[in-house]
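Subject: Structure handover

Hello,

Here is the structure for your files. Please read the notes below it alongside the coordinates.

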Amino acid sequence: MKTAPCMSALCALLVVLPMKVSAQGAASWSMSVEQPAGNFISRVAVDFARNVRQTTKGQLNIRVHPGSALYSRPQVKGAVSRGDIQLGDVFMSALGAEDPLYELDSLPFLATDYEQARRLWAVSRGAVEQRLLADGVRLLYAVPWPAQSLFSTRPLRQPGDIRDLSFRSYNPTISRLAQLLEARPTTIDTEDVPQAFRDGQVDIMLTSSATGVDLRAWDFTSHFYDVRAFIPKNIVIVNERAFQRLPEAQRQALLHAAERAERAGWELSWALTEYQTRMLARHGMEVVRDIDPALQQGLVEVGQRLTEEWLARAGDTRAGIIHEYRQEQAR
């Protein structure tokens, strides 16, 4: 990947401002976004909405509501499926209780860099699209997070240092990972993380450098371990009935804007990774890149165990996706 196009895309998004368009007969849609307005995924969503509005000449207007202002993470997919809102931004692996397929990008150490994550998405996207359509929602685009790494209130040198700690969880995979490390999984919504650390409800979390910066993790944690366990994605979905009711030109505008948003989202995620990690260090966090071999090996072994468990419950069709991915990796 080249840095220049990524930073160009970043600069373009950072200057995007919401525009109000009032046109007679125009459709107005609402889009729920989990992250705060300054987060890069929220900015991609704002740019997506702007592109739709411009391409349709104001006939389809999407209002982006960041910071879970409309619905919390567990409520978004249901709200879109019912048609309470037209669009929603969802952390894909949080849907794992509905289908193991959604957990695929959060299996630790299966895909740990952006090229691997792209290959995994390429072989799994079709299945995700079909699964979502079964619930009345259509996939529009996906944006990856920077790789998930460890934030801790104390030094970590071996897996035993995690034992008995309260481990923040945000999906079934992370809960199981915490259990295998003999920690205590504790489900905490993103916006509640800082207070949970301050209150002693949480000691450690596995999340991205982007979330760490958004939450000012330096205010409540001291160490960042750049283990790069996996690269999860947020997906943007649209109510299928609402989509089909649009005129053909507007449907195409929506899909084209979604393609553009996905390209920009991948570029931005990659471009911001190193910058955000440096931000953590600048604010006083100890950023550990050379992970102790004992800790790294222990985490990898847990990741292998989680993948084996996933394969056992996912069924042959879902398991075939990993087989295809590994074949692509071997080429």
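This is a predicted model: local features need pLDDT of at least 70, side-chain atom pairs count only at pLDDT 80 or more; totals for chains, interfaces and linings use all residues.

Residues are numbered from 1 along each chain as its sequence is written, and side-chain values use heavy atoms, with hydrogens and water left out.

Salt bridges

The search of the whole structure gives 22 salt bridges (a side-chain nitrogen of Lys or Arg within 4 Å of a carboxyl oxygen of Asp or Glu). Helices (H or I, at least four residues) and strands (E, at least two) are DSSP runs, numbered from the N terminus.

One of the salt bridges pairs Arg318 with Asp99, with the closest N and O atoms 2.9 Å apart. This pair links distant parts of the chain: Arg318 is in helix 10 (residues 293–330), and Asp99 is in the loop between strand 3 (87–91) and helix 4 (114–133), 219 residues apart. Both Arg318 and Asp99 are buried (under 20% relative accessible area; exposed is over 50% and partly exposed in between, with a 1.4 Å probe and protein chains only).

Within helix 4, Glu129 and Arg125 are four residues apart, about one turn of the helix. Their closest N and O atoms are 3.3 Å apart in a salt bridge. Glu129 is partly exposed at 28% relative accessible area, and Arg125 is partly exposed at 22%.

Arg289 and Glu274 form a further salt bridge, with the closest N and O atoms 2.8 Å apart. Here Arg289 sits in the loop between strand 11 (286–288) and helix 10, and Glu274 in helix 9 (residues 248–282), 15 residues apart. Arg289 is partly exposed, with a relative accessible area of 38%, and Glu274 is partly exposed at 33%. Through shared partners, salt bridges join Lys77, Glu98, Asp99, Arg131, Asp135 and Arg318 into one network.

Regards
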